[in-house]
Amino acid sequence: MTVKQYKEVLTKPLLDENPITLQILGICSALAVTSNLSVTLVMCVALTSVVSFSNLFISIIRNFIPSSVRIIVQMTIIASLVIVVDELLKAYDYETSKKLSVFVGLIITNCIVMGRAEAFAVKNPWRYSLIDGFASGMGYMFVLVLVAVIREPLAFGTILGYQVMPDGFTLWASMAIAPGGFFILGLIIWILRTWAKSYDLEV
């Protein structure tokens, strides 16, 4: 694999094929967890870990999986990884685990994870697949962190628990709930799609 190929695999999910802004995947968690940056970061690490290692394991065994049970095997691997991540989170950061509620468990159904497994990992060597999974997670993280950096100060006046807005600032209650996240996410998607020269807005 050449340096150029590695670079292409790494940068495509970040820019040209960002899972949220260009493929519109993983929207539920993007709306649910982005009112708090610390929770957002934990969610991003959890999803990035799952998509990276699921890509890796699926790629390693791809030639041994009968096509008739391919999806079932992929779901089993993804579900096992999600359980491991969820249990580790409960063991080492129980408060954040409670804040994330069901959304860590719902990584099993996240279209980003299944999409990369089916579109990339089953067709490419494990090195490519691991990088693709990591890059997809980073693309997801980039958008969620951007949304959280906007939402948390407007909703609570803080970033990572530290006050950043001046005294007397009127908090935006709408930013603390899903509709506020939907508005910010939609605005970011519009800006990034317009900026992405390789994206055809008429499609």
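Buried means under 20% relative accessible area, exposed over 50%, and partly exposed in between, using a 1.4 Å probe and protein chains only. This is a predicted model, in which local features need pLDDT of at least 70 and side-chain atom pairs count only at pLDDT 80 or more, while totals for chains, interfaces and linings use all residues. Residues are numbered from 1 along each chain as its sequence is written, and side-chain values use heavy atoms, with hydrogens and water left out.

The tour follows salt bridges (a side-chain nitrogen of Lys or Arg within 4 Å of a carboxyl oxygen of Asp or Glu). The structure holds 4 of them; the stops below are among them. Helices are DSSP runs of H or I, at least four residues, numbered from the N terminus.

Start by selecting Glu95 and Lys98, whose side chains meet in a salt bridge at 3.6 Å, N to O. Both sit in helix α5 (residues 94-100), 3 residues apart, so about one helical turn separates them. Glu95 is partly exposed at 48% relative accessibility, and Lys98 is partly exposed at 47%.

Next, select Asp86 and Lys90. Their closest N and O atoms are 3.6 Å apart, forming a salt bridge. In helix α4 (residues 70-92) the two are 4 residues apart, again about one helical turn. Asp86 is buried, with a relative accessible area of 18%, whereas Lys90 is partly exposed at 39%.

Finally, select Arg116 and Asp132, a salt bridge with closest N and O atoms 2.9 Å apart. This pair links distant parts of the chain, 16 residues apart: Arg116 lies in helix α6 (residues 111-121) and Asp132 in helix α7 (residues 126-156). Both residues are buried.
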